[in-house]
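Please read it with the structure open.

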Amino acid sequence: MPQHAVLVLVLPLISAAVIALFLRRAGAVAATVSVLAATAIATIAVILALHGERFERSFEWLRLGGFSVSLGIKFDDLAALMLCVVGVVGLCIHVFSLGYMRDDAARARYFGGLSIFMFSMIGIVLADNLFMMFIFWELVGFSSYVLIGHWHEKQSASDAAKKAFIANRVGDFGFLLGIVMCYWSNGTVNLTALGSQHVYSTLIPLLLFCGAVGKSAQLPLQVWLPDAMEGPTPVSALIHAATMVAAGVYMLCRIHVLMVPEALNVIMWTGTVTALYAALCAITQNDIKKVLAYSTLSQLGYMVAAFGLGSLPQLDERGRMVAMAAGVGAAMFHLTTHACFKALLFLGSGSVIHGCHHEQDIFKMGGLAKRMPLTFVTFTIGVAAIIGLPFLAGFFSKDAILFLAFANNKAVFAVLAFTAVLTALYMIRLWKLTFLGTARSDHAAHAHEGGLTLTSPLVVLAAFSILAGYTGIYPKVFSGVFELIPEAHGSAHTIIFATSLAVLVIGVATGYLLYASGPADSLAQKSPGLFGGLVALKNSFDVAYNYYVAKIQQRFAMLLNFLEQIFLAGLIIRGLAGVVGLFGLGARALHTGNLNAYVYWFLFGVVVLWGFATGALAF
Amino acid sequence: MNALPCTIYVSFLGAVLALVAGMRSPGTARWVALLSALLAWGIALSAAVNFVPGPGLETIVNHPWIPSMGIRYHLAVDGISLTLIILTGIAATAGILFSWNIEERAGEFFALFLALIGGVYGVFLSADAFTLFVFYEIAIVPKYFLIAIWGSTNREYGAMKLVLYSFAGSALVLAGLLWAYAAAGAHSFGLHDLATAATHFSHSQQLGMFALVFLGFAVLAGMFPFHTWAPTGHVAAPTAASMLLAGVVMKLGAYGCLRVAMTIFPTGLAFWQPTIACLAIIGIIYAGLVALVQDDFKFVIGYSSVSHMGFVLLGLAAANAQAVSGAVLQMFSHGVVAGLLFAVVGRMVYERTHTRQLADLRAMPLHRLLPFAAAVFVVAGLASMGMPGFSGFPAELTILIGTWKTSPLWATFAAAGVLVAAAFTLRVIQVSFFGSASIADGRKAAPAHPLPPITLAEKAGALVLVASTVLIGLKPDLLLDWINPALQSPLFQAVLKGGKP
């Protein structure tokens, strides 16, 4: 089985290499190669998971005396679950891309990028130590750069790609320091070894968390994610639903043994604030993909908060109270269900955008339910799942988080419940504006359903969005994760159930009644002040960062450059050269070439010498 | 038994032959130069195959040279010098491939080029401070002519500045070495003898001598604030010369710091350590920020070289096994990557578009006009940013890990430097290669004539360099297995222990 795991890691790399070397001009072949690789990955991933064998293998990569970095695979239930999510959702997105990117001029680069992205992501999933995880972490950053900047001739796209890369690098800065510090404190970065023994430190988990803040786009590094919508829509689905942004949460779950209460507290509040902030931003967006982007941010906030909420006391078999890592269970559960329904929503939006000839403004859509019935039905399932309609996937995972919050921290519970109201509100707004009412543009009026490659992934993901919440149907092989999902009993169960129902009803009703499927934003009309405030809130980070980059960093760099040119290269260097030059000039002035002058100098010298000789002059 | 000294002789001989051949035709001179460089590289590689890594320098040649002064022609090799010798072979071969289009006085060009290379091989092989110094001077002189005759922008200024800086550095080194030589009783210039004698020097003597020698070499390694020769020199130099300058000449400085200053005066290092680290960190971040706002493509690369050499100096200053190994690995990595960057900028782009202004390049969709150059530059840029899979990653990683052990604060600042590197590299990749014609706004949009295609020689040169950075990126142990044992020698152990025996 280990060789299968290696295979699943190497396959996408081979696919990417073949495309880069031989298929740059053969887009159709490249697409086929990439999709075949994705199919194989998904198949092997599922086989590996179901086979039930769990193992660890590693070999040394870099050795420096007592210090070594190894490459290895740690395949436990957590990795198995994540690998299946990445593989299966990734496959759906690959198939969807076949149709969506059919007419793209740089199709080979696109599919090569998808393959290298899958390689990087699977590397993170399988990594058995933090250094290896960091290697693939960086590669994910790079491949997302390639994919987001796919349409690089558009200035906004190449800027967005750069922003994503730099924001991720900022997070990686902390992550790397955390890894280095972890190494020197514990003598190892192997996940299993750390699990059995590690020193108590608040700084290490917080530094490592920086990496997750970058990749999972938590406050204050969330700015790259909405901009990254400049990439092709299937890329958004891949990066922002199932893989890259989930990597941060996954990484936290991988290192949860290192967590200490202080660090968890910071993580919990970061996630909670992100969830609320992003939900508030989502209400103001009119680009179909940007609404989904902020919704992703918000849901990631849920996962991070869930992780930060930490453990629950539980009775073990022998009747003792032990801490159960409920945070890990809840976060991974929500990650799994979210991967399904968010990929569905993104691909649904891709289908809409494709059908409307690349119109992305929801105020120019409307009435698509009739023209694109399959997209409508599947998208509706996705919306129902994300807002937590009972008995769909999102309902179960969100309840698990709410219960955990209810048990551990009431303030977080309140914020998350309010966020759930907002979630229902903005999703219903999106859904109503897009699909109901009448067409508000020519593109929307002539919208059409895409081909089989576009619709079949929607159907598959819709099925997952319904089923993924039933933990009972998962094979026993994932029990290492699913046993950790917190479950409410008795009165707590009633409270949680009532809360989530109330939240749902309030959110949906407000959204449905507030927004008319018209050409203008109802909230902006009815309450311009509130709407303006939300827009300002959304822009605040970008404004601050742009100010920093343009006004502080750029000016500082210009100043340094000025100093470099003027002082170091100019005044000091030329000044020194000038002083030497002056000596030269002075010396040259003495060499007049005039015989008389030399005779006078000679006489002067004789007089001086004579003076010394007679003692008339002395030192 | 060990043919490594032949790398020196082959290069010098090749220089003479190229000069003669240049009188017949430029083509002959090229081939003579390429064959000599390949032969020297081949000798180095075959020596590397048989190399058994061990602690301490393995003497190859040891003859009295000026017996009355105790100066010996002493050549020796260890894992560190071998790493840099291989690098020299790679840089020399690639440099000649990228100079294939030189027609003007080709014989002289390649003669000077090979003379420089011979000097560099000599420095890396010397185990006698005086011999090392002589080779060091031999390597400096041809640079002036290469830049002043075949250079471009502001070439006299660039060449003169570079040579003045180099000689000022040499003067400091010479003064420091003579001081140590005299204080030790004036009977030997052998590195080992000097180091042994230095243990009896007074504390203040050690500090002074170390400062002179280290500073002298660090000038050539581009240490802030003595770096300003580097960007102007790089920009003025013809492509092959900037490749050598960044690729191996800056390494001469760093190598001198490590091999001469640090091993002879470990106590001096212990005292000056924080100062050097501080300057190195300032250099990393300062040069990175300056690179961020350059308008000239080549200046960006020039400052990025200074920034990357800051990592080398930081690794040396941190003075523990990981950091120093990382520094040597970074010397190799930067030599290859900087060579690649300069090759793309100077040869592939500038000699075709005749502009290095980023604003002009932005208006040309170069990724479509020169796809090969774009691909190579992206690879070089990734390597330069320290992406996994390329040699820069293990190098910077080991430096950071090692530095953290000495001082977490230094490591934090250095890691911030990696961030700046990402910023200026991405900027220059996007602006130069992935701009679009739509933003022409009065600039000369697409070039009037179709750009000449990339030649076979350029492709071969690029391939050599890309293969090197990828190979070491994937398997850094190839070099680390040489470097590490070398650090077990008593001299280096004294350095790593901060001068305490």
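1. Are A:Glu138 and A:Arg169 buried or exposed? Both A:Glu138 and A:Arg169 are buried. Bear in mind that the model is predicted. The two residues form a salt bridge, with the closest N and O atoms 2.8 Å apart. This pair links distant parts of the chain. A:Glu138 sits in helix α5 (residues 130-148) of chain A, and A:Arg169 sits in helix α6 (residues 155-186) of chain A. They are 31 residues apart.

2. Helix α6 of chain A also holds A:Lys163. A:Lys163 pairs with A:Asp227 in a salt bridge, and here the closest N and O atoms are 2.9 Å apart. A:Asp227 lies in helix α9 (residues 224-227) of chain A, and the two partners are 64 residues apart. Again, distant parts of the chain are linked. A:Lys163 has a relative accessible area of 23%. Buried means under 20% and exposed means over 50%, so A:Lys163 counts as partly exposed.

3. Now the salt bridges as a set. The whole structure has nine of them over all chains. In chain B, the side chains of B:Arg347 and B:Glu458 meet in one, at 3.2 Å from N to O. B:Arg347 is in helix α13 (residues 321-353) of chain B, while B:Glu458 is in helix α19 (residues 456-474) of chain B. The pair therefore ties together parts that are 111 residues apart in sequence.

4. Look next at A:Gln299. This residue is in helix α13 (residues 288-309) of chain A. Its relative accessibility is 0%, so A:Gln299 counts as buried. Which side chain does the side chain of A:Gln299 meet in a polar contact? The partner is the side chain of A:His334, at 2.8 Å. Neighbours within four places in sequence aside, A:Gln299 is in contact with A:His334, A:His338, A:Lys342, A:Ile386, A:Lys398, A:Thr423 and A:Tyr426.

5. A:Phe602 is in another setting. It is in helix α25 (residues 595-614) of chain A. A:Phe602 is part of a nonpolar surface patch of about 990 Å².

6. With 0% relative accessibility, B:Gly402 counts as buried. B:Gly402 and B:Ala321 are 81 residues apart in sequence, yet their C-alpha atoms are 7.2 Å apart in space. Not counting residues up to four places away in sequence, B:Gly402 touches B:Asn320, B:Gln322 and B:Ala323.

7. On chain A overall: there are 25 helices and four strands. Its C-alpha atoms fill a box of roughly 120 × 65 × 55 Å along the principal axes. Of its 619 residues, 58% count as buried. The accessible surface comes to about 23,800 Å², and 70% of that belongs to carbon and sulfur atoms. Among contacts in chain A with a separation of 6 or more, 80% are between residues 24 or more positions apart.

8. On chain B overall: the secondary structure comes to 21 helices and two strands. The radius of gyration is 22 Å, close to the 23 Å that the globule rule gives for 501 residues, so chain B is as compact as a globular protein of that length. The C-alpha box is roughly 70 × 55 × 40 Å along the principal axes. Buried residues make up 67% of the chain. The accessible surface is about 15,200 Å², of which 70% belongs to carbon and sulfur atoms. Of the contacts in chain B with a separation of 6 or more, 81% join residues 24 or more positions apart.

Technical notes
Residues numbered from 1 in each chain as written. Chains lettered and ligands numbered in written order. Heavy atoms only, no water. Patch = residues over 30% accessible without salt bridge, like charges linked within 9 Å, V, L, I, M, F, W, Y side chains within 5 Å. Areas by Shrake-Rupley, 256 points an atom, 1.4 Å probe, with all protein chains shown as cover. Salt bridge = Lys/Arg side-chain N within 4 Å of Asp/Glu carboxyl O. Buried < 20%, exposed > 50% of the residue type's maximum accessible area, 1.4 Å probe, protein only. Polar contact = N/O pair within 3.5 Å; in protein donor to acceptor, adjacent residues only side chain to side chain. Contact = heavy atoms within 4.5 Å. Rg over C-alpha atoms; globule rule 2.2 N^0.38 Å.
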